[in-house]
Amino acid sequence: MEEAKRLREQGDGGGATAAAEEITKPSDNAQLSDKEIKERNDRQRFADMLENSMTSSNGDLGDGYYLTVEQENENAEAVFKGINRLYEGDPAPSSPFTELLNIDNGEPLGQGGMKRLVPWEGSRSASSSDFMIVVTDPRPKSVELRTAMKRLAGALSADMLAKCVVINTDTPAENRRFVKKNFSEDSGADKMTVLTDEKMDWMREYTALGEKRFSISMFILKEGKCEKIAREVEAESMTETVKNAIRGMLR
């Protein structure tokens with residue numbers, strides 16, 4: 001979270017986020033402090049979320065939404081209360097990826113591994129404008145996360161699975177055992193990247209630990225920003241959440 005805040009403060013307009021830049025003119029920003037700009041941006045974000053919640057109150061995942069009404073309301077309440085977490089449009093820091101462990105050898109990805117994984121950092125396997133889907137759960141040996149992984153593996157194309165990164169707190173050895181036992185080489189699931197965050201540093205930076213309880217979170221990251229975020233996602237709805245979020249982003 002600290003790096004995300006630093007990136008936000010280094011943005012154009014002397015500390016304004018992209019969302020703040022859209023709702024304020026440069027001349028207005030020049031008269032406001034960074035704190036005032038952020039507060040103004042947060043108020044606008046809350047208003048937008050409230051409007052979205054009202055207009056989609058009769059919808060659900062089956063209607064093409066990627067957030068349930070409960071998730072939308074919880075997110076709007078978090079903005080209103082000023083809860084310190086990442087929101088859609090916020091910077092997606094790259095450096096936390098360097099400390100994630102490769103489950104094949106147990107070693108940190110490092111700068112080289114991070115750049116190979118993260119599209120906007122120079123990944124050779126993807127263009128810089130490509131996106132990545134991150135599914136994370138801090139609970140050890142999470143049955144819900146493992147169920148979500150199986151559902152994604154059975155529902156997404158190989159191209160989409162190649163964009164998926166699963167981050168958990170299990171040891172590399174435990175992750176290897178699970179992947180070997182549950183996913184055959186021809187299942188397509190081998191396209192999915194599984195990484196270990198034993199110290200939960202990545203999860204802490206991306207505010208994926210939850211304010212009330214541990215649960216599954218889903219992030220779609222693109223060009224250094226959090227494009228879509230869904231928190232407290234149920235395993236049974238993970239596939240629809242991911243598919244609908246991607247459709248919404250690509251419209």
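Student: Let's start with one glycine: which residues does Gly 224 touch, not counting residues up to four places away in sequence?
Tutor: A touch is a contact, meaning heavy atoms within 4.5 Å. Leaving out residues up to four places away in sequence, Gly 224 touches Asp 90, Pro 91, Ala 92 and Trp 120.

Student: Before we go on, what is the mean pLDDT of the protein?
Tutor: This is a predicted model, where local features need pLDDT of at least 70, side-chain atom pairs count only at pLDDT 80 or more, and totals for chains, interfaces and linings use all residues. Residues are numbered from 1 along each chain as its sequence is written, and side-chain values use heavy atoms, with hydrogens and water left out. pLDDT is the predictor's confidence in each residue, from 0 to 100. In this protein 73% of the residues reach 70 or more, and the mean is 82.

Student: How many contacts beyond four places in sequence does the model have for residues 12-29?
Tutor: Go carefully here: pLDDT stays under 50 over residues 12-29. It also stays under 50 over residues 53-59, which have ten contacts beyond four places in sequence. For residues 12-29, the number is 28.

Student: Back to the glycine: is Gly 224 buried or exposed?
Tutor: Buried means under 20% relative accessible area, exposed over 50%, and partly exposed in between (1.4 Å probe, protein chains only). Gly 224 sits in the loop between β5 and β6. Its relative accessibility is 19%, so it counts as buried.

Student: What distance separates the C-alpha atoms of Gly 224 and Trp 120?
Tutor: Along the chain these two are 104 residues apart. Trp 120 is also among the residues that Gly 224 touches. Their C-alpha atoms are separated by 6.5 Å.

Student: And Glu 223, what is its phi?
Tutor: Glu 223 is in the loop between β5 and β6, and at 48% relative accessibility it counts as partly exposed. Glu 232, in strand β6, has a positive phi of about 50° although it is not a glycine. Glu 223 isn't a glycine either, yet its phi is positive, at about 50°.

Student: In what order do the six strands form the sheet?
Tutor: Strands (E, at least two residues) and helices (H or I, at least four) are DSSP runs numbered from the N terminus. Two strands pair if DSSP finds at least two bridges between them. The edge strands are β1 and β6, each pairing on one side only. The sheet is open with mixed pairing, and the order is β1-β4-β3-β2-β5-β6.

Student: Which residue stands opposite Met 132 in β5?
Tutor: β2 and β5 run antiparallel and are joined by six bridges. Across from Met 132 you'll find Leu 221.

Student: Which residue in β4 is the bridge partner of Asn 168?
Tutor: Look at β3, which five bridges join to β2 in parallel. β3 is also parallel to β4, with four bridges between them. The partner of Asn 168 in β4 is Thr 196.

Student: How many disulfides does the whole structure have?
Tutor: A disulfide is a pair of cysteine sulfur atoms within 2.5 Å. Cys 164 is buried, at 2% relative accessibility, and Cys 226 is buried too, at 1%. For disulfides, a search of the whole structure gives zero.

Student: Which residues of helix α9 are exposed on the other side?
Tutor: First the buried ones: Pro 172, Glu 174, Asn 175 and Phe 178. What covers them includes β1, α7, β3 and β4. On the other side, the exposed residues are Arg 177, Lys 180 and Lys 181.

Student: Last one: which residues does Thr 239 touch, not counting residues up to four places away in sequence?
Tutor: Thr 239 is part of helix α11 and counts as buried at 13% relative accessibility. Setting aside residues up to four places away in sequence, Thr 239 touches Arg 151, Leu 152 and Ala 155.
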